[in-house]
Amino acid sequence: MIRSTMSVTVLFRIISAMRVYDLIVAMTGGGPAGRTETVSMYAVNTYFTYGNTGYGATLSVLMLLLSVVISLFFVDSLKTRGSV
């Protein structure tokens, strides 16, 4: 019974990890030589700082699609076990 709860928890943590932006910007600003820069920070910097709107928007859409694929995988794995 705990497997479905843990699956949903892991799903939420993965999605939360993909969209982390504010904490890293406030603490390190990308760190020395971009060592703590995440994909979301890279997309925002590309879009707003460097003015490359097409590439920044593409990165954001790819992150959204990756989140949807991961979510569908978790939901499908819950359905096959008969939990949902």
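This note goes through the predicted model point by point, from confidence to aromatic pairs.

1. Basis. The model is predicted: local features need pLDDT of at least 70, side-chain atom pairs count only at pLDDT 80 or more, and totals for chains, interfaces and linings use all residues. Numbering starts from 1 along each chain as its sequence is written, and side-chain values use heavy atoms, with hydrogens and water left out.

2. Confidence. Mean pLDDT (the predictor's confidence in each residue, from 0 to 100) is 86 for the protein. A value of 70 or more is reached by 94% of the residues. Among the elements, helix α3 (residues 39–49) has the highest mean, 92. Helix α1 (residues 2–18) has the lowest, 85. Where pLDDT is low, predicted coordinates should not be read in detail.

3. Fold. The protein has four helices and zero strands. Along the sequence the pattern is α-α-α-α. Elements are DSSP runs numbered from the N terminus: helices are H or I, at least four residues, and strands are E, at least two.

4. Dimensions. The radius of gyration, taken over C-alpha atoms, is 16 Å. A compact globule of 84 residues would have a value near 12 Å; the rule is 2.2 Å times the number of residues to the power 0.38. The C-alpha trace spans about 50 × 30 × 15 Å along its principal axes.

5. Burial. Of the 84 residues, 20% are buried. The classes are buried (under 20% relative accessible area), exposed (over 50%) and partly exposed (in between), with a 1.4 Å probe and protein chains only.

6. Surface patch. Val 61, Leu 62 and Leu 65 form a nonpolar patch on the surface. Together they have about 270 Å² of accessible area. Leu 62 is found in helix α4 (residues 53–80). Patch residues have over 30% relative accessible area and no salt bridge, and nonpolar side chains are joined within 5 Å. A salt bridge is a side-chain nitrogen of Lys or Arg within 4 Å of a carboxyl oxygen of Asp or Glu.

7. Aromatic pairs. The whole structure has three aromatic pairs. Ring centres must lie within 6.5 Å; planes under 30 degrees apart count as stacked, over 60 as edge-to-face and the rest as tilted. Tyr 47 and Phe 48 are edge-to-face, at 4.8 Å centre to centre and 70 degrees between the planes. Tyr 47 counts as partly exposed because its relative accessibility is 33%. Phe 48, at 64%, counts as exposed.

8. Another pair. Phe 73 and Phe 74 are also edge-to-face, at 5.9 Å centre to centre and 80 degrees between the planes. Phe 73 has 58% relative accessibility, so Phe 73 counts as exposed. Phe 74 has 15%, so Phe 74 counts as buried.

Notes: Patch = residues over 30% accessible without salt bridge, like charges linked within 9 Å, V, L, I, M, F, W, Y side chains within 5 Å. Areas by Shrake-Rupley, 256 points an atom, 1.4 Å probe, with all protein chains shown as cover. Phe/Tyr/Trp six-rings, centres within 6.5 Å; stacked < 30°, edge-to-face > 60°.
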